[in-house]
Every structure is written in structure tokens, then in C-alpha cells.
Amino acid sequence: MDLEPESTCSDNMTELESALKTVAKVLENPDSKVVFFVGAGISSTSDGEPLIPDFRSPGTGLYYNLAKLNLPSPESVFDIDFFEDNPKPFYSLCKDLHPAHSKFAPTRFHYFMKMVNEKNDLVRVFTQNIDCLERETGLAADKIVEAHGSFAEEFCIKCKKRADKEKFVEQMLRDEIPKCEYCKGTVKPSIVFFGEQLPERFYERLDVDLDQLIDVCIVAGTSLKVHPFASLPSEVDNKCLRVLINNEKVGDFQENPRDGDLLAIGDCDEIADTIAGFCGWKQELDAYVDLHKTKQHAKTAVEMVEDMKKNKNLEDKYKGKEEAKKDSDVGKVEDVAELLLKLKLEK
Ligand code: OAD
Ligand code: ZN
């Protein structure tokens, strides 16, 4: 077998590097208008550690693993007709994804988007994700369009009334199917299922946002398989620079590539980090990520202390006996709890 001379690793590196330098050049201009179209791949790993599985990656994706269950198709778990008949499969997943139960921290890529908002004219982040991690960075809600909804609210699928969040969470945590307190219909988080309309805000913002000249549109962590979102990159003006940051070439970048499209095939966090480096933002980006990690630790510690305080032995100890108040360990626990709670409130 004859071997064609292949492009070497360093050739590829140079190609990627030059693509990322081009992106950085646009971002160095504070007036640059930027739009993001993102999906599950921006939350799948955080600095190389697994975070929230995406949907379609072989081996790790949610649909890949749901194929083992006895569902008409893996997507049925997010299908409104299927849910009306059988909400159980969805609720067996919901707890692990719901921010009230599973606390995930934004990734480096999420913070990169926040930095673009600070350094450029961020027009909007259109996200398919329901994990609310864009908001979690502190990015203002009006900069974000959650095209597939989110776990922010819950509604009854029958009478459409909004459910009480606390009751919903209680039922979900008890592994019950949350029911409406008015009509006993099934309650569903406000995420968009197959067979449901996308929020009006998605169409409203899209009309206005893409009507202006965007300098760069960054598509990241999405397979561009679900419409109408998948068609967004094809709707930006021809003068707009399109960038794909993804593990694989997808959608319009594959089917209708444009001259000047930039392909950054690789990990979202790593690529965001490299671009930030070229822009001179690296230290600030690191600081955001580190700050969040510190706060996460503080939050975990607060929860530990709260649990300790709930612990019966400890409660008995400082409820019942006067000398317990003098007990230095309890004193320390309370001081630490107060300090950490303060930190939590400051978040
Ligand atoms: P997919 O799972 O379909 O696609 C994720 C894409 O990100 C794939 O192309 C992966 O190769 C890539 N990827 C994963 N991890 C990455 C990483 N760390 N760095 C770079 N690339 C990475 O997820 P979405 O496109 O978001 O809808 O899926 C779209 C919609 O399908 C979801 O919003 C969901 C689902 O059905 C609803 O639930 C309504
Ligand atoms: Zn109801």
C-alpha cells in the first residue's frame, strides 16, 4: 500500500493556531459584535473532567446510553406525547440534571463567553442547553436565549398552571412523579420537548439579532442535528465570520461551507483557553474559573456544616446541655458555618 504524504501534527497545529489567531484578532476589537450558538458539548467536560454528558457522543452521550432502556427511541424521553403517557423515564433522569439537586459549575468555555461580553459587543448567546450554566457565570439573563427552555420553572401539562418550586423539588427528590396541586396533572419543567414550540423569545431575538451585521458567530459544542436551532449558522449574513469549535465538523460547516469559515476542531475549554491567551485575557479567565472553584468549595463546606448541625447527636449536644455551649468544637463549627454562609450569601 502506497502512503500519501500526510499532513503532520505540526501542520495541523499551525492551521488550528492560525484559525484561533484570526478569531482572537476579531475579539481584540472592543466594537466587534459577537453571537454564540452553543450546545451540550460546552458542558460535557470541565478542564478535561467529565461534567454533564451530551446527547449524541458515542459511548458517553445520554441517548447512546438510553438506547439500553426499552424506549421507542432514546429521544422519547424528551418527547411530549410519550411523556404524557409515561413520564417515568424522564423523571428517572430529571433529578440528576436538575440544578436544585445536582450542582454543576460553569466550564472555562462558559466563562469565556462571559469575558466576550465584557470585552466586546456580545449580541446574544443562543443556547440549546437546559443546565442554566450560562446564567450561573453571572451573564445577564437578557444576553441569553435558552432556546430549549430550562429548569427555571415547572408547569402542569394539563391546566398549565405554574407549580410551586419547593413542592416540585420535594416530590422529585422523593422519586415521585410531581403532580399539580390544582388538577393532579403531571408537572413538567419548562424545558422544550420534541413536539413542543420553542419559546417566543427565541424567534423574536433571532429576527432582531441577525438583522444587524454580526462580526463573528461562534458555534460550539453542538451536533447541529435538531431544528430549528441547527439552521442558525446558515442564517447569519455572508459577511459574518463563522467559527466552529467542536470535536467534529457538523451541520452547515460540513454541508454548505462558506469561504472564510474557521474550523477549530477540538475541546471547547482548551480552544477557549487558547483564544483567551491570544487576546491577553488568560489571567482574567483563570481568575473566573478559580474564583468559582473556591466558591463551590465554600458551598460544599456550608452544606457539610449544615448537615452536621442537623445531625441528631450534635443537636442534642447543644440543645440540651449548658456545657455544650462551651464545647470548643461546636463553637468552631458554628463560626465556620457563619463565615461560610456569609460567603454563600455573597455569591
Ligand atoms: P449533541 O450531543 O447532539 O452534540 C454535542 C456535540 O458536541 C457533538 O458534536 C460532540 O462531538 C461535541 N462535543 C462534546 N463534548 C465536547 C467538548 N468537550 N468539546 C468540543 N466538542 C464537544 O448535543 P446538542 O447539539 O446540544 O434537545 O443537542 C441538541 C439537542 O438535542 C439538545 O438541546 C436536546 C437534544 O435532544 C432537547 O432536549 C429538546
Ligand atoms: Zn394542573
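Val 34 stands opposite Val 216 in strand β8. The model is predicted, so local features need pLDDT of at least 70 and side-chain atom pairs count only at pLDDT 80 or more, whereas totals for chains, interfaces and linings use all residues. Residues are numbered from 1 along each chain as its sequence is written, chains are lettered from A and ligands numbered from 1 in the order in which they are written, and side-chain values use heavy atoms, with hydrogens and water left out.

Strand β1 (residues 33-38) runs parallel to β8 and is joined to it by five bridges. Strands are DSSP runs of E with at least two residues, and helices are runs of H or I with at least four, both numbered from the N terminus; two strands pair if DSSP finds at least two bridges between them. Strand β9 (residues 241-246) is also parallel to β8, again through five bridges, and here Val 219 stands opposite Leu 244.

How many of the five residues of β8 are buried? Five of the five residues in this strand (residues 216-220) are buried, so β8 is largely enclosed by the rest of the structure. Buried means under 20% relative accessible area, exposed means over 50%, and partly exposed lies in between, with a 1.4 Å probe and protein chains only. In a regular strand, side chains alternate between the two faces of the sheet. In β8, both faces are covered: Val 216, Ile 218 and Ala 220 are buried on one side, and Cys 217 and Val 219 on the other.

Cys 217 has a relative accessibility of 0%. The closest cysteine sulfur to that of Cys 217 belongs to Cys 240, and because the separation is 4.8 Å, the two are too far apart for a bond. A disulfide is a pair of cysteine sulfur atoms within 2.5 Å, and a search of the whole structure finds zero of them.

The largest nonpolar core has 36 residues, of which Leu 27, Phe 36, Phe 109, Phe 112, Ile 245 and Ile 275 touch the most other members. Such a core is a set of buried Ala, Val, Leu, Ile, Met, Phe, Trp, Tyr and Cys residues joined through side-chain atoms within 4.5 Å. Beyond its neighbours within four places in sequence, Ile 245 is in contact (heavy atoms within 4.5 Å) with residues including Phe 109, Ile 218, Val 219, Ala 220 and Ile 275. A second, separate core of 25 residues includes Leu 71, Phe 168, Met 172 and Cys 180.
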